[in-house]
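Morning, everyone. Please look at the screen, and I'll walk you through a few places in this protein.

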Amino acid sequence: RIHDTGHDHTRSPAPRPGRTENRIRHTMSLIPKKGNVYVVDDDEAVRDSLQWLLEGKDYRVKCFDSAESFLARYDPREVACLIADIRMEGMTGLELQDRLIERKSPLPIA
């Protein structure tokens with residue numbers, strides 16, 4: 001005779017993370033990032049959102065609050081791409097693009 005305890009015995013409980021799962025998680029954190037992305041925007045919320053989104057996709061992100069601050073720290077030897085706001089206080093994104101073109105920057109701009 002089988003005693004019904006009210007438990008569903010057809011499903012096994014979810015496995016607990018063991019050594020293998022922990023090792024896989026640790027190894028995944030060692031996977032190299034995809035590339036560098038510069039984000040230039042005077043809106044902090046936009047910068048934070050883009051950084052969160054891009055880092056979630058394994059990109060290295062460097063944020064700048066103005067075109068001027070970006071140009072002051074920009075290293076043309078670093079392989080990267082740029083996401084810039086068009087309308088910013090001071091130098092606009094289009095003016096930033098013009099400056100980079102004048103400098104013959106290889107930086108792709110979105």
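**A helix, a core and a serine**

Keep in mind that this is a predicted model. Let's begin with helix α2. At the start of α2, D43 reaches over with a side-chain oxygen, to within 2.9 Å of the backbone nitrogen of A45.

Helix α2 covers residues 44–56, which is 13 residues. At 1.5 Å a residue, α2 should span 18 Å. Its end C-alpha atoms are 18 Å apart, so the two agree.

Next, the core. In soluble globular proteins, nonpolar side chains tend to be buried together. Here, the largest nonpolar core has 15 residues. Y38, V40, F70, L82, L96, L100 and L107 have the most contacts inside this core. Which elements give two or more residues to it? They are β1 (36–40), α3 (67–73), β3 (81–84) and α4. The most come from α3, with three residues.

Pick out V40. Setting aside neighbours within four places in sequence, V40 has contacts that include F64, F70, L82, M88 and L96. S66 and D85 are also among the residues that V40 contacts.

Last stop: S105. Find it in the segment after α4 (93–102). Is S105 buried or exposed? Its relative accessibility is 18%, and the cut-off for buried is under 20%, so S105 counts as buried. What does S105 touch? Leave out residues up to four places away in sequence, and the answer is Y74 and L100.

Key: Residues numbered from 1 in each chain as written. Predicted model: local features only at pLDDT ≥ 70, side-chain atom pairs only at ≥ 80, totals over all residues. Heavy atoms only, no water. Helix = DSSP H or I, 4+ residues; strand = E, 2+ residues; numbered from the N terminus. Buried < 20%, exposed > 50% of the residue type's maximum accessible area, 1.4 Å probe, protein only. Contact = heavy atoms within 4.5 Å. Expected span 1.5 Å × (residues − 1). Polar contact = N/O pair within 3.5 Å; in protein donor to acceptor, adjacent residues only side chain to side chain. Core = buried A, V, L, I, M, F, W, Y, C linked by side-chain atoms within 4.5 Å.
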